[in-house]
Structure formats: C-alpha cells, structure tokens
Amino acid sequence: MYTLTRQDVHGIAVGAVVRRLTPLECERLQGFPDGWTDIIYRGRPAPDGHRYKVLGNSMAVPCMRWIGERIAAADARRNSADEKGTG
C-alpha cells in the first residue's frame, strides 16, 4: 500500500525494510485534520508515542459519520411510519 509522501519512495515497505507510519499519516487515515494530535503536552510538543496511542484509541471519522447517517435515516423512517400509524 502506498502512502502520500514527498519522497521518491512512496511505500511503507521497500524490500525487506518496513517503516512506521507517521502520526500525520495516521491522522489522515483516521479522517482527522492534519496536526489534530500535535498538541502541547507538559509544556512541550506531544511525543509520537502519545499521538499514536490517541489515534489508536479513536474511531475513524468517515466510518462514524457513515454509521451516524444510517442511524439517522433509519430513525427518520421509523418516525415517519409511526406518524402514519403503520409502525
């Protein structure tokens, strides 16, 4: 799988070498804006480990949006059926 970088090598695996995704790439994969986890932690920029932990404990924004929209649509259909007396 290729990643978006400005380097000549665009994959996370090149030969037998695999590199770790950056926090920025993880933010993009999760659907967050760039720099979403780049906060000040104890007076300094948050270390990457903390950023990875936050991203690992989060839910992907596009997936959550999709689920929320489907729940809202089902709820609207149910409410419409209840109002018509067919539910």
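## Helix α1 and its cover

Helices α2 (48-56) and α3 are among the elements that cover the buried residues of α1. Contact here means heavy atoms within 4.5 Å, and buried means under 20% relative accessible area, with exposed over 50% and partly exposed in between (1.4 Å probe, protein chains only). Helix α1 spans residues 23-30, and its buried residues are P23, E25, C26, E27 and Q30. After α1 comes G31, which has a positive phi near 90°.

This is a predicted model: local features need pLDDT of at least 70, side-chain atom pairs count only at pLDDT 80 or more, and totals for chains, interfaces and linings use all residues. Residues are numbered from 1 along each chain as its sequence is written, and side-chain values use heavy atoms, with hydrogens and water left out.

## The chain as a whole

The protein chain has three helices and four strands, in the sequence order β-β-α-β-β-α-α. Both kinds of element are DSSP runs numbered from the N terminus: helices are H or I with at least four residues, and strands are E with at least two.

Of the chain's 87 residues, 15% count as buried. Among contacts between residues at least 6 apart in sequence, 37% join residues at least 24 apart. The accessible surface comes to about 7200 Å², and 59% of it belongs to carbon and sulfur atoms; the areas come from the Shrake-Rupley method with a 1.4 Å probe, and for residues only the protein chains shown count as cover.

## Salt bridges

How many salt bridges does the structure hold? There are six, each being a side-chain nitrogen of Lys or Arg within 4 Å of a carboxyl oxygen of Asp or Glu. One of them joins the side chains of R19 and E25 at 2.9 Å, N to O. E25, listed above among the buried residues of α1, has a relative accessible area of 10%, whereas R19 is partly exposed at 26%.

Another salt bridge pairs D34 with R28 at 2.7 Å, N to O. Both partners are partly exposed: D34 has 47% relative accessibility and R28 has 39%.

Salt bridges with shared partners link D75, R78 and D82 into one network. An α-helix has 3.6 residues a turn, so residues three or four places apart point the same way. R78 is exposed, with a relative accessible area of 52%, while D75 is partly exposed at 34%.
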